[in-house]
Amino acid sequence: MDNNKHIPLRTLESTPALGNLDRLCDMQEGRLSGKVFWDEAIYEQELEKIFARCWLFVAHESQLPRSGDYLTTSMGEDEVLVVRQKDASIKVFLNACPHRGNKVCFAEAGNARGFICNYHGWSFGADGGRLMGMHESKCYEESQFDKSRHGLREARVASYKGLVFATFASDAPTLEEYLGPMTWYMDVMLDMDEGGSEFLGGCIRSTIECNWKIAAENFVGDILHGGWTHDSAAKAMLGGPVANVGELPESYSVNWNGHGYEFATDVVGNAATLGEKDINKYLHVLRPKVAERLGEFRSKLIGAISSFTVFPNFSFLPGQNTVRIWQPRGPHKIELFTWVIVNKNAPQDIKDKWRRGAMMTFSPTGVFEMDDGENWEYCTKTSRGVVTRYQDLYVGLGMHTRLDDSELPGNVFKGQLNECNARAFYQRWKDLLQAPTWADVPDRNGTLR
Amino acid sequence: MTHQLQDTPVSIDEARRVEQFLLREARLLDNECWDQWLLSLSEAIHYWMPGIENRRREDKSGPYRLEHMAFFDDGMRELKRRVARFKQPSAWAENPPTRNVHLVSNIEVYAGAEPGEYLAYSCFVNVRSRGLDEHAQLAGRREDVLRLEAEGLKLLKRKILIPNAMLLCKNINTFL
């Protein structure tokens, strides 16, 4: 962060952890209260202790090819601007004027030399976010106002193979430490091909009236729902039901620091749901090259039945190539930002087929996703009932299936029909809510069941 | 929506026929007559509803692009797959059914680019309700090309534009 001359952020004192979290979330026993999906006080703590602390996905580098290219997104409920700089680096600023807090950029994307607040004309350079001037600047000069201390507030930024993450927490670990060994698995999506990956143009935004954790948890490790929830979509797209995941010969769930990936080794199980033979063919032809690049094992994952969440709210489906943020908007609502990721060197017609295939399957008009939204909304809404919240939900599937002798990175569990990743996700969630600072967050790796 | 300075008028009878087509289509959708609806489409249909991008006026990229992400970018194969899902007994989120009203108005009919084709502009309001209290409302503009084929008038192209850069509901489980 260059602009450390700025008036420092005066964070409010950390609120004490809620007293009943161990009762609401007991991952040793695999038990969870629906109160965590409904409660306003818990949500306020999540904004403070999870979204203002963790590394959050903000953009793919391919969305900002030229200097001055920008996009707007949010980190939790904090609105931010992501801007490509003259030196090719990417900076992330609060999209809020340091004068009265008004939003300084209202477009979702574009190219600009600067951003001017509509209220009192404070103007900021796109390069560096410095305060350049304002309406009636002379009166500021007369009051000895120091412009250099009032630029756009800048976040810490770090990238992993095209994915740009940011955090406003100065005590957060590095992105590398934050992601840990999960990057080995992320490479399956991001680095299967020479040239890496890119986002296709456009972003589909929609809302679901559900708690953000339900969506994140669904992608962190719930393929169990696939064969049941998505039966109708599978029949529509493939002419038959979803593959019987329980009978696949080799599959795993892996997690680390609350991130999770569940996967089969069936190469094209997810990709096949797009109903585009050319995509399956593309992956099969590419696979030997992936094996040279990433090894035989990971080459079997490039379009396999699988899903991934980077804690807390960034998810993707290899094969369908849909990428998400689940933006929290109160305890009972999310905004979904949906993109499509492809190999940069893939032929244009293959990219187009993925764009349309992701739309057909996992998007607000996708035949698979329609049944998800309904489930997620009612998992949230039933929790408004007090007695319903007393009911301990079962998150215990796959207890005692840890593979301690596995050579795979991370916490490795047998089989993808397993709630170990959900348990790791909620454990991390609780640990962050209970920890006064990053230094207090316990390391659970190696001990989770 | 494109503003055509040289919109060529058609006869009142022809205009009336296109209007009837659009109104009947709305009734078919409200009544879940999916197969009849599919029959009203040309085999060569392009059914397109681009995602709307909230960009500045001076941004040459514009509010939508053919090669960007869309809600629908379908041919007949895709539309049939969507209908196939609606008809599955295991389409859990469609039982009890979603109740639909499609209102169609602001219809203007002109001659199309080719003989036997019509260009029709219209507006729609779609109201969906599920369960007891779910209510989702979408309004938008459409630009259609209809074509006289052997079996009668068919929808050849549809472009649907909603004003929303973010869909304020969980899905679009209907056609617009």
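Let's start in chain B, where strand S1 (residues 41–50) pairs with S2(B) in the antiparallel sense, over four bridges. Two strands count as paired if DSSP finds at least two bridges between them. Strands (E, at least two residues) and helices (H or I, at least four residues) are DSSP runs, numbered from the N terminus. Opposite Met49(B) you'll find Phe72(B), which sits in S2(B).

A word on what you're looking at: this is a predicted model, where local features need pLDDT of at least 70, side-chain atom pairs count only at pLDDT 80 or more, and totals for chains, interfaces and linings use all residues. Residues are numbered from 1 along each chain as its sequence is written, while chains are lettered from A and ligands numbered from 1 in the order in which they are written.

Now for the whole sheet. Chain B has six strands in an open sheet, ordered S2-S1-S6-S5-S4-S3, with mixed pairing. At its edges are S2(B) (70–74) and S3(B) (99–111), each pairing on one side only. Neighbouring strands are turned by 20° against each other on average, direction ignored. Helix H3 (residues 76–87) of chain B packs on this sheet, touching S1(B) and S2(B), and its direction makes about 80° with that of S1(B). Axes here are lines fitted to C-alpha atoms, for helices over the stretch in contact, with angles from 0 to 180 degrees between N-to-C directions. Residues are in contact if their C-beta atoms, placed from the backbone, lie within 7 Å.

| Hairpin | Residues between the strands | Glycine and phi |
|---|---|---|
| S3(B) and S4(B) | five residues | Gly116(B), near 80° |
| S4(B) and S5(B) | three residues | Gly131(B), near 55° |

S3(B) and S4(B) (residues 117–130) run antiparallel, joined by eleven bridges; Val104(B) has Phe124(B) as its bridge partner. S4(B) is also joined to S5(B) (residues 134–149), again antiparallel, by 14 bridges, and there Glu117(B) partners Arg147(B).

Over in chain A, is helix H8 (residues 231–238) mostly covered or mostly open? Mostly covered: seven of its eight residues are buried, meaning 20 or more other C-beta atoms lie within 10 Å of a residue's own. Among them are Asp231(A) and Lys235(A). The cover includes H7, H11 and H12 of chain A together with H3 of chain B. After H8(A) comes Gly239(A), with a positive phi near 80°.

The contact between the chains takes 36 residues from chain A and 33 residues from chain B.

How values were computed: Contact = placed C-beta atoms within 7 Å. Buried ≥ 20, exposed ≤ 12 C-beta atoms within 10 Å, placed from the backbone.
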